[in-house]
Amino acid sequence: MTKHDPADSPPSVAGQGVRDRTPHDVSSGHRILLVDDNRQIAQAVTLAFDCAGHRVDTAVAPQEAFSHLAQYRYDAILLDLNFTQGQTSGEEGFACLARIVADDPTAAVVVITAHSGIRIAVAAMQAGASDFVMKPWRNADLIARVDAAVGKRRRPSSPSLAFGSAATATPAGLHRLLGDSPAVAGLRDLIRRVAPSAAGVIVSGPSGSGRSLVAALLHAGSPHADADAITIDVRDPLAWEKIGGTAGTLILRHPDRLDEVQQARLLDRLPATARTVAIVDDPAMMTPRLRARLGTVDLTMPPLSARHADALLLARHFAGLAAARHGRPVPPFTASAEALILARHWPDEVRGLAQAIERAVLLDDDGVIDAAALTPRLVDAVSPVTTATPPLDVSLEQSERVMIEAALRHHHHNVSHAAASLGLSRQALYRRMTRHGL
Ligand SMILES: Nc1ncnc2c1ncn2[C@@H]1O[C@H](COP(=O)(O)OP(=O)(O)OP(=O)(O)O)[C@@H](O)[C@H]1O
């Protein structure tokens, strides 16, 4: 997570094409992530660090912290250990600390504890924190401690320690694979263990579920992370030229879509020196020989529908990204939107979810994202008597108008019923109707 470490370039984030987004870049000074649910403390800390020439981003809960860590590189993390009112055990903070340190053993984490929390502070240091501060603190002391933690941050001293076969090596940026489901936690663990080796990996799962992200993380944790991985869609015969004598990471997309003869040819072309990562829909479509050559280890990214809790977490992450991208405040989700996010089968998986959220953030005009804002393509579901399904290239404005018209028609212009069917309040529907001249 070194600030200018090219090996740590983040993979793009769904639908955003984001690479190391730095809207708050500071030419000098540290970039710090404060994880604390107390807004007054956050304001005071931000001001103090700002005056000292540093930059602070705030996360009010661990999930938000992981979302920030998925987007930016931080020089230090200032972590409060208690997030739930009245809780002083630090349990949540310790879980957060464990994940930060597991994902990046070089992270400089300074924990914040209550005045009497010396035992907790010591335990946090044993768990990987660089230092601790006790409330209440003097700002100068706090800044000095964070400075010192950044200064003595454990930097990898050799490539082998950073990416090689050392047991402790961890793929840079592993925290970018967001998700708390057992499936994704298990994947992070497998990536951590497999990435530094030369083993070929087959990454399977539905399109848009995060397979390329997994491949990028495997490369980031490999001994070849300093060089770019070579990515080839093997369905394109011209791309095969790039296979050459590759010695680094070779990411092969869709070998399962080749026929048997082509798969045999691919097998002949693969250089023994390359570490391969194959992205496939269905490993069973590969010949046993190719499968054996490509997949010492199989990693499977399950569909979002099999890891519901991740959907909500990812949705919040994408809402934050979209809001930052379009210069808007982050709109919260209504209960109906959350229910929809959890229940819906998202076409195009995580990418589809990200796109829906970005559209909703863009179109939002009442400060919240409701279910209707996430379902502009569900016009048919609202009314079977709708006269026109919007064509695919219809604008979002038009699509919203068509949906509202369909709902009104279906409910015989009863605004309350139409609003309810769209997951909107009456006022919100009226506002939209006015905007569309209905
Ligand atoms: N768990 C995750 N945490 C954060 N971002 C994610 C996660 N899963 C997917 N994404 C983001 O969603 C988008 C789609 O993922 P990705 O490109 O890896 O899908 P894919 O399975 O490779 O799809 P395809 O093969 O069709 O290109 C990417 O921008 C990726 O960064």
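View 1. Helices (H or I, at least four residues) and strands (E, at least two) are DSSP runs, numbered from the N terminus. A friendly note on the model: it is predicted, so local features need pLDDT of at least 70 and side-chain atom pairs count only at pLDDT 80 or more, while totals for chains, interfaces and linings use all residues. Residues are numbered from 1 along each chain as its sequence is written.

View 2. Buried here are Val184, Leu187, Arg188, Ile191 and Val194 (buried: 20 or more other C-beta atoms within 10 Å of the residue's own; exposed: 12 or fewer; partly exposed: in between; C-beta atoms placed from the backbone). Seen down the axis, these buried residues fall within an arc of 145°, so they line one face of helix 7 (the arc is that of the directions from the helix axis to the C-beta atoms). On the other side, Pro182, Gly186 and Asp189 are exposed.

**View 3. The buried side of helix 4.** In helix 4 (residues 118-126), Ile120, Ala121 and Ala124 are buried. Their arc is within 100° down the helix axis, so they line one face of helix 4. The face turned away from this buried side carries exposed Ile118, Arg119 and Gln126.

**View 4. Just after helix 4.** Here Gly128 takes a positive phi of about 120°.
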